[in-house]
Amino acid sequence: MPSSDSPSATPPSPDAPQAQEADLLRNLLLSPGYLKALVFCALIGVPVSLVAFWFLVALHELEHTLWATLPESLGWQTPPWWWPLPLLLASGLAVGLIVTRLPGTGGHVPAAGLQAGGGASTAALPGVVLAALASLPLGAVLGPEAPLIALGGGLAVLFRSLTRAPATPQGTALLVAAGAAAAVSAIFGNPLIGAVLLIEVAGVGGPQLFAVMLPALLSSGVGALIFTGFGRWTGLKTGELSLHLTAPSPRLELADVLWSLALAAAVGVLVRLMLDGGRLTAGFVHHHTLARTALCALGAGACAALYAALSGRSPVEVASSGQATLGELASDPQAWGVGALIAVLVFKSLAYTLCLGSLRGGLVFPALFLGAAAGVLLAPLPGLGLVPGMAAGMAASTAAALRLPVSSVVLVVLLLGSGAMIPVVILAAVTAFVVSELLPSRSAAHGTP
């Protein structure tokens, strides 16, 4: 028997696994293939970003022409209540033709989520671009991020084919992710959001990733609350890495947290119902695509028209992604009465549901607006502040819609421009994500085309 101090009995060093991982990473980074991939991804980012820039410019200019310039030239300061009806009918007809006649069906159905997207094939690129141009400027209650992800990934693969670079499955995955990240780098106002979004969309680790990530995310939010509250009560300092900015930040109270949790649970249920409705709409549209796509788009237009007729406000507040309207809501929430907030929540939710299953676009901006509107509506509750309500609503709606809780937290925190709401944002995102995921799924039983 070997003695206890013989070499064979020496226990392995605790640093051995870390050393092996460091060697593997070093070898990967120094490998010629990976270095070439890094350089190629950096170079690809230049043309992809330029194409994405002009694509977004085209969307913006078309939307401004159809919803501002054209009504003004006809004598209206704002679009009349019936304005969304012909535009969204035309959108439905155009998207129906693109889905049935062009390769790639104009991109994936939005109700399937961002994870179903990815880079479009080179043959599908024209359909993706045309379907987005036929949906978003004409009033679809969707955002541009899903077409941008498909466009960026597809363009990256196209440019690789033009340069005759070698193709491998791993290299293609890297290239698609890099192209998509380059395309969405500016749409959220911060490139960090696009990077985190693409990492989470890639879904490395699958359900196990969420199983590990959610407890860590939740614990970090609870820890931030405890440190904030206990430090305030005792007046003691623990030392922290922070920048003390001069801009005022709202002060979180216990009532803010409790109301935010209830708001997040309710928003998680409502968003899940909208997604399930979008999947049912997709199943309805799947057969007899042209007529049914036009009918669903017209239904979304009717929601916007009814909202305008009943509230006396612009139909753009329903018939759009909500990106511009969100800024107006955040800058002047007092301009929205209780009736207007309830109406925009009801009609935009219905229009969002119909567009999720019929037209082409992304889920982010309408979800952000609906969450913010819910927060503003409930802000007068005793103890709930306006900013915590909006923060919790936006975090809950994006986490439930995207099924990407980390990306939702990063997005909302950077949109708020302050770290004061981080605990509420984290708790709301995790609560809404868990509640929405625990609800039974209709798509699991019936399938989503």
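**A walk through a helical chain**

Let's start at Trp82, which sits in the loop between helix H2 (32–73) and helix H3 (84–101); helices here are DSSP runs of H or I with at least four residues, strands are runs of E with at least two, and both are numbered from the N terminus. This is a predicted model, in which local features need pLDDT of at least 70 and side-chain atom pairs count only at pLDDT 80 or more, while totals for chains, interfaces and linings use all residues. Residues are numbered from 1 along each chain as its sequence is written, and side-chain values use heavy atoms, leaving out hydrogens and water.

Trp82 has a relative accessible area of 33%, so it counts as partly exposed; buried means under 20%, exposed over 50%, and partly exposed in between, with a 1.4 Å probe and protein chains only. Together with Leu70, Leu74, Trp76 and Trp81, Trp82 forms a nonpolar surface patch of about 490 Å² of accessible area.

Now turn to helix H16, residues 422–438. Its 17 residues span 24 Å from first C-alpha to last, close to the 24 Å expected at 1.5 Å a residue. H16 is mostly covered, with 12 of its 17 residues buried. Among them are Pro423, the run from Val424 to Phe433, and Ser436.

Stepping back, the protein chain has 17 helices and 0 strands. Of its 449 residues, 45% count as buried. Looking at contacts (heavy atoms within 4.5 Å) between residues at least 6 apart in sequence, 78% join residues at least 24 apart.

Note on methods: Expected span 1.5 Å × (residues − 1). Patch = residues over 30% accessible without salt bridge, like charges linked within 9 Å, V, L, I, M, F, W, Y side chains within 5 Å. Areas by Shrake-Rupley, 256 points an atom, 1.4 Å probe, with all protein chains shown as cover. Salt bridge = Lys/Arg side-chain N within 4 Å of Asp/Glu carboxyl O.
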